[in-house]
Amino acid sequence: MAQKTAPDSTRRSERSRRAIYEAALALVGEVGYPKMTIEAIAARAGVGKQTIYRWWPSKSAVLLDAFFDLSEQASAELSEKAGLDEVATAIPDTGDLEADLKYVLRATVDEMTDPKFDGPARALAAEGVVNEQLGVEFVEKLLEPQLQLYVDRLRAGQERGEVAPGIDPRIALELWTGPLAQRWMQRTGPLTHAYADTLVEYALYGIAPR
């Protein structure tokens, strides 16, 4: 008599976790963060709410992990398009700072205009303005690590003479990330690759006559 295979609890847990992530991202885009509840996430994911509470202490923790997972998926897709065997954990360093920054900023534009990213990101950003704790966690867990990649690339550029030695990389990166975020958040204009390229060019070469 054939022996029955025991259910793979790890695989089952991963399926549940994935369903919870997808439910949280969908709900926050549909109803907003204030109206999103653990009960609603559980119902949409097809799991018990105790399953969620076993893994996360609050809905903000669920949403942050879900958004982090979404960002990791975007990084994996970008690495695949670039023909890399592993997920990139740094901004490309080809020795051409302008090309490297344009490459990453174009990818950021693609992510920001992707509907599966746009809705949840706007909900998180809006709630982070009035919910200080959520805002702090969003910056610490998601935003700051991404900004640090720019800092690392600019410091590498300083070592090779691509960037002036007295430049503060943490301030410099806001010359392109700030306008991009503002245009996305306030919808003041289209987010395009051409716009991303222009931001990089203005940041690197300025607007004064040369």
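Arg54 lies over the face of Trp55, at 5.7 Å from the ring centre, where a charge counts as over a ring if NZ of Lys or CZ of Arg is within 6 Å of the ring centre and within 35 degrees of the ring normal. This is a predicted model, in which local features need pLDDT of at least 70 and side-chain atom pairs count only at pLDDT 80 or more, while totals for chains, interfaces and linings use all residues. Residues are numbered from 1 along each chain as its sequence is written, and side-chain values use heavy atoms, with hydrogens and water left out.

**Charge over a ring**
- Arg183 lies over the face of Tyr195, at 3.7 Å from the ring centre.

**Aromatic pairs**
- The structure holds 6 aromatic pairs (rings of Phe, Tyr and Trp, with its six-membered ring, whose centres lie within 6.5 Å; planes under 30 degrees apart count as stacked, over 60 as edge-to-face and the rest as tilted).
- One of them joins Phe67 and Phe117, a tilted pair with 5.2 Å centre to centre and 45° between the planes.
- Both Phe67 and Phe117 are buried, that is, under 20% relative accessible area, whereas exposed means over 50% and partly exposed in between (1.4 Å probe, protein chains only).
- The rings of Tyr150 and Trp176 have centres 5.7 Å apart and planes at 65°, so this pair is edge-to-face.
- Tyr150 is buried, with a relative accessible area of 6%, and Trp176 is buried too, at 3%.
- Ring pairs also link Phe67, Phe117, Phe138 and Trp184 into a cluster.
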